[in-house]
Amino acid sequence: MTTVGLVLGAGGLHAAAQHAGVLAALSEATGWDPRTADVVVGTSAGATTAVSLRAGVSAPDLYASYARTPLSGEGQDIMDRVTTPLSLGSLSDGEPHDGDRSGSRRPANPMLLLRDLCSTARPRPVMALAGLLPVGTRDGSSLGARSAEIHPEPWPDHPTWICAVDLRSGKRVVLGRDDVATTVGPAVQASTAVPGWFRPVEIDGRRLVDGGVHSTTNADLVAALGLDVVVISSSKTVGGTSGPTDDPGTLARAWHARTLYREVQAIRRRGAAVLVLQPTAGELADRATLADRDPQVHGPGASDRSEYGLNEITEAARISALARLALPEATRARRLLAGASDAPR
């Protein structure tokens, strides 16, 4: 039987919309149902999508929820479980609880920078930056509450790994795999706790923040599993054949791309087919334009929090993924996924 790993990366609401488009394209092109993945790795926005899949939301219904088209009866029933309004934190609720404004300016953990400088391992500048940023003060609990509502059981029955980072040690924590006691809601809230924006989440004695601090994809986690094919939806890197972009995030994306490249190579060395689905430079430029039109969102990382034009992002991701799947280099992965769709589960 063909074994499949699914990796869903970070990137805020735009990433969640992309994942919906990518999964719809995979279902359309191969017949594969992502709900049947043998293991799902979710980071930040990818964690919310992972939980939705494990709750039973199909790829077409996930797409419909972002494209603003009707869902199936089954999909609507699942989505109707969610009653908590989405709140990604506003400037007005961003003050410290105790009123100590000066405290909010203190770095969360400067030792992370020192450890990165002294380490002989590959540098992780995003980790160092997370330690230098002030502790986030905004409430991210709506993300956890919505995930707990859509998936009422404590944890999915099938392997679902949600990535976070321990703010004290700087180490990655894989919830659902590591020996850490938690449930779906707090796990998703921790994985989406963007440093400097949302408050860290305490789980089992650890203060956890967004898993994207370690890697926006964390695809290396599946390298040793001996899977036949791994599908990676990455929103923070650029794919396709588009030319360069003037977007100011280019250097950050270059770093994320290098990290993803290393992860993909580690998976391929074990013999798995790897299919990486990413936005083109043109898609990313369009996303930035959409975010600029959103009057409700401002400041750093605004595009990750913008709900404006998510239907357009989802459809663009679907079309882009279909084009990628039609390329010759995707043939092996496409055939394996088609085979996985035919196998009994």
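Modeller: Let's start with a strand pair: Val-165 stands opposite Val-209 in β6. This is a predicted model, where local features need pLDDT of at least 70, side-chain atom pairs count only at pLDDT 80 or more, and totals for chains, interfaces and linings use all residues. Residues are numbered from 1 along each chain as its sequence is written, and side-chain values use heavy atoms, with hydrogens and water left out.

Colleague: How many bridges join β3 to β6?
Modeller: β3 (residues 160–166) and β6 (residues 206–210) are joined by 3 bridges and run antiparallel. Strands are DSSP runs of E, at least two residues, and helices are runs of H or I, at least four, numbered from the N terminus. Strands pair if DSSP finds at least two bridges between them.

Colleague: And which residue stands opposite Leu-208 in β6?
Modeller: That's Val-201. β5 (residues 201–203) pairs with β6 over 3 bridges, in the antiparallel sense. Their hairpin has 2 residues between the strands, and Asp-204 takes a positive phi near 50° there.

Colleague: Switching to α9, which residues are buried?
Modeller: Arg-253, His-256, Thr-259, Leu-260, Glu-263, Val-264, Ala-266 and Ile-267. Buried means under 20% relative accessible area, exposed over 50%, and partly exposed in between (1.4 Å probe, protein chains only).

Colleague: Where do the buried ones fall, seen down the axis of α9?
Modeller: They fall within an arc of 155°, so they line one face of the helix. The arc is taken from the directions from the helix axis to the C-beta atoms.

Colleague: What's on the other side of α9?
Modeller: Leu-251 and Arg-269 are exposed there. Just after α9, Gly-271 takes a positive phi of about 95°.
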